[in-house]
Amino acid sequence: MPLDTSTYNLALLRIDGRRWNELRQLRAQIRTQAAADGSAYFELGNTKVMCVVTGPSEDSKRRGQAASSASAAGGSASGGNAADILVSVVVGGFSTVDRKKRARSDKRIVELQFTLAKSLAAVLHTHLFPRSTISLSLHILSQDGSLLACLINAATLALIDAGVPMTDYLVACTAGSTSSYAAADESADPLMDLNNQEEQELPYLTIGTLGSTDKVAVLVCESRVQVSRLEGMMVTAADGCKNIREYLDSVVREKGRRMIEEGAIEKGASMAMDIDV
């Protein structure tokens with residue numbers, strides 16, 4: 001990596017006191033809604049997201065209504081005989097300082113729904129549920145940067161809780177550069193997990209990796225950045241994804257241990273979800 005943390009002095013600390021390769025405080029829960037097929041809560045710093053999963057469902061009437069509405073919103077993904085993935089993103093009016101209320105047809109929300117649906121379709125085993133629908137409803141409670149990454153992480157946890165088979169954890173993290181594109185600074189250093197103020201001032205990208213590997217499943221870059229900085233930013237984001245994956249795995253295992261202690265499931269019983277190693 002380009003920086004040596006052992007000699008990192010206070011002058012190079014970020015606004016919130018973090019070093020360049022540190023994540024904000026992580027917090028996650030699964031099975032937060034007992035009535036839902038799957039649910040999760042994910043918090044990264046001051047960005048907080050809640051996700052509820054319904055399905056896989058073979059209700060043809062409800063599936064037709066959902067498919068028509070999601071097609072208009074751009075938040076669906078299907079693959080022939082595979083299950084349809086419908087994503088709905090709801091932004092709370094209290095999630096930002098300006099308390100701006102966003103409509104469901106907002107361009108930014110449509111882009112988030114489309115990206116989430118396509119990325120999840122690549123890792124879920126939707127071919128096991130033909131003529132079915134998997135619906136995800138994500139509620140943004142607070143925004144402070146790394147929004148897409150938090151949505152992906154919350155959706156992954158909720159799908160695991162719902163028992164939907166998937167290849168592996170899909171985890172995401174953001175990374176940026178300490179200098180803007182106009183500065184043309186070739187020696188700019190990468191930053192991990194940007195907050196809202198850093199995203200407004202610096203170029204950044206969002207990367208989603210599959211499990212503990214470096215296989216990139218999602219890559220979104222909406223700002224101009226020097227080509228020479230991309231490699232460092234991608235490596236930094238991939239390192240953040242590994243750290244987040246370890247935390248999510250510990251949350252899932254801890255929940256499973258508690259369910260065994262409470263007698264909800266028997267030790268050694270096979271779960272509906274199957275993760276390929």
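Reader: Which residues in α3 meet which ones in α5?

Author: This is a predicted model, and in it N153, L157 and I160 of α3 meet I244, L248 and V252 of α5. By class, the contact of α3 with α5 has 5 nonpolar residues, 1 polar and no charged.

Reader: And at what angle do the axes of α3 and α5 cross?

Author: They cross at roughly 30° and come within 11 Å, with α5 spanning residues 227-262. Angles under 35 degrees count as roughly parallel, so α3 is roughly parallel to α5. The crossing of α3 past α5 is right-handed.

Reader: What about α2 and α3, how do their axes cross?

Author: At roughly 45°, with the axes of α2 (residues 107-123) and α3 (residues 147-162) coming within 11 Å. That angle makes α2 oblique to α3. The α2 and α3 crossing is right-handed.

Reader: Which residues make the contact there?

Author: From α2 you get L112, T115, L116 and L120, and from α3 there are L147, L148, L151, I152, A155 and L159. Sorted by class, the contact of α2 with α3 holds 9 nonpolar residues, 1 polar and no charged.

Reader: Ok, on to the core. Which residues touch the most other members of the largest nonpolar core?

Author: F42, L136 and L138 do, in a core of 54 residues. The element that gives the most to this core is α3, with 13 residues. There's also a second, separate core of 6 residues, including A175, L205, I207 and V225.

Reader: Tell me about L138. What does it touch, leaving out residues up to four places away in sequence?

Author: Quite a list: V49, M50, C51, V87, S88, V89, V90, L116, L151, A154 and A155.

Reader: Zooming out, how many helices and strands are in the chain?

Author: The chain has 5 helices and 10 strands. Of its 277 residues, 46% count as buried. Among contacts with a separation of 6 or more, 69% are between residues 24 or more positions apart.

Reader: Is R131 buried or exposed? And what about D193, buried or exposed?

Author: R131 is at 62% relative accessibility, so it counts as exposed. D193 is at 0%, so it counts as buried.

Reader: Now L219. Which strand does it lie in?

Author: L219 is in strand β10, residues 216-220. At 47% relative accessibility, L219 counts as partly exposed, because exposed means over 50%.

Reader: What is L219 in contact with, neighbours within four places aside?

Author: L219 contacts L205, T206, I207 and M234. L205 and I207 are among the members of that second core. As for M234, it is 15 residues from L219 along the chain, and their C-alpha atoms are separated by 9.2 Å.

Reader: Last one, T96. Where is it found?

Author: In the loop between β5 (84-91) and α2. With a relative accessible area of 24%, T96 is partly exposed, since buried means under 20%.

Reader: How far is T96 from S142, in sequence and in space?

Author: T96 and S142 are 46 residues apart in sequence, and 6.4 Å apart in space, C-alpha to C-alpha. S142 falls within β6, residues 133-142.

Key:
Residues numbered from 1 in each chain as written. Predicted model: local features only at pLDDT ≥ 70, side-chain atom pairs only at ≥ 80, totals over all residues. Heavy atoms only, no water. Axes fitted to C-alpha atoms, helices over the stretch in contact; angles between N-to-C directions. Helix = DSSP H or I, 4+ residues; strand = E, 2+ residues; numbered from the N terminus. Parallel < 35°, antiparallel > 145°, perpendicular 65-115°, else oblique. Left-handed = near helix turned anticlockwise from the far one by under 90°. Contact = heavy atoms within 4.5 Å. Nonpolar A, V, L, I, M, F, W, Y, C, P; charged D, E, K, R; others polar. Core = buried A, V, L, I, M, F, W, Y, C linked by side-chain atoms within 4.5 Å. Buried < 20%, exposed > 50% of the residue type's maximum accessible area, 1.4 Å probe, protein only.
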